[in-house]
Amino acid sequence: MSSKYLCNLVITGAAKSGTSSLHEYLGAHPMIAMSNNKEPHYFCRDARYSEGATAHNKLFEDKSDALYFGESSTTYLPWPTAAERIARDLDRPKAIIILRHPVARCFSHYRWRYRLGLEKRSFLEAIKNDGFGFDPEQPTEFGYMAYLEFSQYARQCQVWEEALGSMNCLILASNDLQK
């Protein structure tokens, strides 16, 4: 398959699992061009996706000698439509799915929003009222809630392995990245 997209690598790890660090580490490799902007949410937001390959390719301006062109969006992991679009549109795409202990990830997600002043409720109240219901088209003031949904790894990884093939998905524990 020949794709109009440069991108052939996505980091679709869970939010608060080390995706920013992994994005930076991979971007330092001479054969990997990571997108200029992390979290473009391109394959899960309809308006951005409708802009087409030319718009997405602009994420990689000034990077032409790479073997892999990658981008990172944590909203891809819980959104099956992103996996479908990536599988259909990209040429032999690879995915790195970085995961953190689900409870630690959930609490870190909550604390991050709390520190930013975006979350005022107790942790228990927040996960009771906003544990699920992720919709990439409906971000809150900054980011997303759906605290529990972002930790539903078994279902999410299965979607990605079915879409791209298990041989094209690397599931990485954030503890392993730290080592």
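Guide: One term before we start: a residue is buried when its relative accessible area is under 20%. Also, this model is predicted.

Visitor: Okay. How much of the chain is buried, then?

Guide: Buried residues make up 47% of the chain's 179 residues.

Visitor: And how many helices and strands are there?

Guide: The chain has 8 helices and 5 strands. In sequence order the pattern runs β-α-β-α-α-β-α-β-α-α-α-β-α. The radius of gyration is 16 Å, close to the 16 Å that the globule rule gives for 179 residues, so the chain is as compact as a globular protein of that length.

Visitor: What does the C-alpha trace span along its principal axes?

Guide: About 50 × 40 × 30 Å.

Visitor: What share of the contacts join residues at least 24 apart?

Guide: Count contacts between residues at least 6 apart in sequence, and 73% of them join residues at least 24 apart.

Visitor: Let's do a helix. Which residues of α1 are buried?

Guide: Helix α1 covers residues 19-27, and its buried residues are T19, L22, H23 and L26. Looking down the axis of α1, these buried residues fall within an arc of 105°, so they line one face of the helix.

Visitor: Why do residues three or four places apart point the same way?

Guide: An α-helix has 3.6 residues a turn, so residues at that spacing point the same way.

Visitor: What about the other side of α1?

Guide: E24 and Y25 are there, and both are exposed.

Visitor: What covers the buried residues of α1?

Guide: The cover includes the strands β1 (9-11), β2 (32-34), β3 (68-72), β4 (94-99) and β5 (169-173). Helix α8 (174-178) is part of the cover too.

Visitor: New topic: α5. How far apart are its end C-alpha atoms?

Guide: They are 20 Å apart. Helix α5 has 14 residues, 102-115, and at 1.5 Å a residue it should span 20 Å, so the two values agree.

Visitor: Which of its residues are buried?

Guide: In α5 these are R105, C106, S108, H109, Y110 and R113. They pack against α6 (123-130) and α7 (153-164).

Visitor: And just after α5, what does G117 do?

Guide: G117 takes a positive phi of about 80°.

Visitor: I saw C106 in that list. What's a disulfide, again?

Guide: It is a covalent bond between the sulfur atoms of two cysteines.

Visitor: How many disulfides are there in the whole structure?

Guide: A search finds 0. C106 is in no disulfide, and its nearest cysteine sulfur, that of C157, is 17 Å away.

Visitor: What about C169, how far is its sulfur from the closest cysteine sulfur?

Guide: The distance is 8.1 Å, to the sulfur of C157, and that is too far for a bond. A disulfide needs the two sulfur atoms within 2.5 Å.

Visitor: Are these cysteines buried or exposed?

Guide: C106 counts as buried, at 3% relative accessibility. C169 counts as buried at 11%. C157 is buried as well, with a relative accessible area of 8%.

Visitor: Where does C157 lie?

Guide: C157 lies in helix α7.

Visitor: Which residues does it contact, leaving aside neighbours within four places in sequence?

Guide: C157 is in contact with I97, L99 and I171. I97 and C157 are 60 residues apart along the chain, yet their C-alpha atoms are separated by 7.7 Å.

Technical notes:
Residues numbered from 1 in each chain as written. Predicted model: local features only at pLDDT ≥ 70, side-chain atom pairs only at ≥ 80, totals over all residues. Heavy atoms only, no water. Helix = DSSP H or I, 4+ residues; strand = E, 2+ residues; numbered from the N terminus. Expected span 1.5 Å × (residues − 1). Buried < 20%, exposed > 50% of the residue type's maximum accessible area, 1.4 Å probe, protein only. Contact = heavy atoms within 4.5 Å. Arc of directions from axis to C-beta. Rg over C-alpha atoms; globule rule 2.2 N^0.38 Å.
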